[in-house]
Amino acid sequence: MNSSLLSLLVLAGVAIFLILRLRSVLGSREGFERPSARADGTPRRDFEVIEGGPDEDITDHVEDGSDSAKALAAMKMAEPGFNVSEFLGGARQAYEMILMSFERGDVDGLKPFLADDVMETFETVINQRNEQGLTIEAEFVGVRDMALQNATFDRSSGEAEIVVRFVGELTSVVRNSDGEIIEGDASEIKRQRDVWTFARTMGADDPNWALVATDG
């Protein structure tokens with residue numbers, strides 16, 4: 001056997017050895033592999049797609065699958081930065097500011113938070129008190145309970161409404177023009193129940209919600 005043939009046989013043996021080694025390595029890969037394609041050219045998926053679970057930011061406040069839950073989810077789609085828990089935190093603060101501004105007759109303090117028709121109603125009551133010479137001294141104790149009661153969303157207009165039930169605690173006395181207490185007790189904490197509806201256009205530049213309806 002001449003040297004050229006011997007060299008070819010040696011090289012062939014080395015090539016076969018390398019091919020077998022390479023195949024054994026490739027056959028034991030554990031990393032990401034692109035799915036093989038079906039006959040129609042679409043990727044083949046040999047795993048089950050698991051969708052995300054319920055949004056706890058929603059289900060912490062309303063029943064999963066309810067109309068309110070669907071409305072809140074639609075609000076989040078219209079405005080990805082919207083957060084239900086953060087909204088309720090803001091609603092709690094707004095409740096105190098609105099309630100105390102109304103009790104004290106602070107019209108300017110109410111305007112940023114109220115829709116026009118609600119502002120008109122509040123202002124009418126405040127003017128009537130002033131005409132009668134009545135003043136109210138009130139101190140806010142806190143929110144004993146609050147809950148998201150209902151939510152609706154109009155996809156065509158982007159208008160969102162959220163109804164919140166509050167149970168507030170405060171002290172309040174009514175004085176006449178002579179400064180005499182005619183109603184209430186400054187040392188007695190009373191509970192006040194309110195159901196308020198807040199509205200806003202999702203995705204609008206103005207981030208503020210307005211009080212559009214009240215119910216005791």
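Which residues lie nearest the centre of the second largest pocket? I started there. Ser172, Val174, Glu183, Gly184 and Lys190 lie nearest its centre, out of 13 lining residues.

**Ground rules.** I worked on a predicted model, where local features need pLDDT of at least 70, side-chain atom pairs count only at pLDDT 80 or more, and totals for chains, interfaces and linings use all residues. Residues are numbered from 1 along each chain as its sequence is written, and side-chain values use heavy atoms, without hydrogens and water.

**Terms.** On a 1 Å grid over the protein atoms alone, I took a pocket as an open set of points where a 1.4 Å probe fits, with protein on both sides within 12 Å along at least five of seven lines; lining residues have an atom within 4 Å of a point. A volume is the space filled by probe spheres set on the points, which are joined across faces, edges and corners. Helices (H or I, at least four residues) and strands (E, at least two) are DSSP runs, numbered from the N terminus. Ala, Val, Leu, Ile, Met, Phe, Trp, Tyr, Cys and Pro count as nonpolar, Asp, Glu, Lys and Arg as charged, and the others, Gly among them, as polar.

**Second largest pocket.** I noted about 180 Å³ of space. Strand 2 (159-175) and strand 3 (181-184) each give two or more residues to the lining. Strand 2 gives the most, five residues. I sorted the lining into four nonpolar, three polar and six charged residues.

**Largest pocket.** I read a volume of about 360 Å³. Phe87, Gly90, Pro207, Asn208 and Trp209 are the closest to its centre, among 16 lining residues. Helix 4 (84-103) and strand 4 (190-201) each give two or more residues. Helix 4 supplies the largest share, five residues. I counted nine nonpolar, four polar and three charged residues in this lining.
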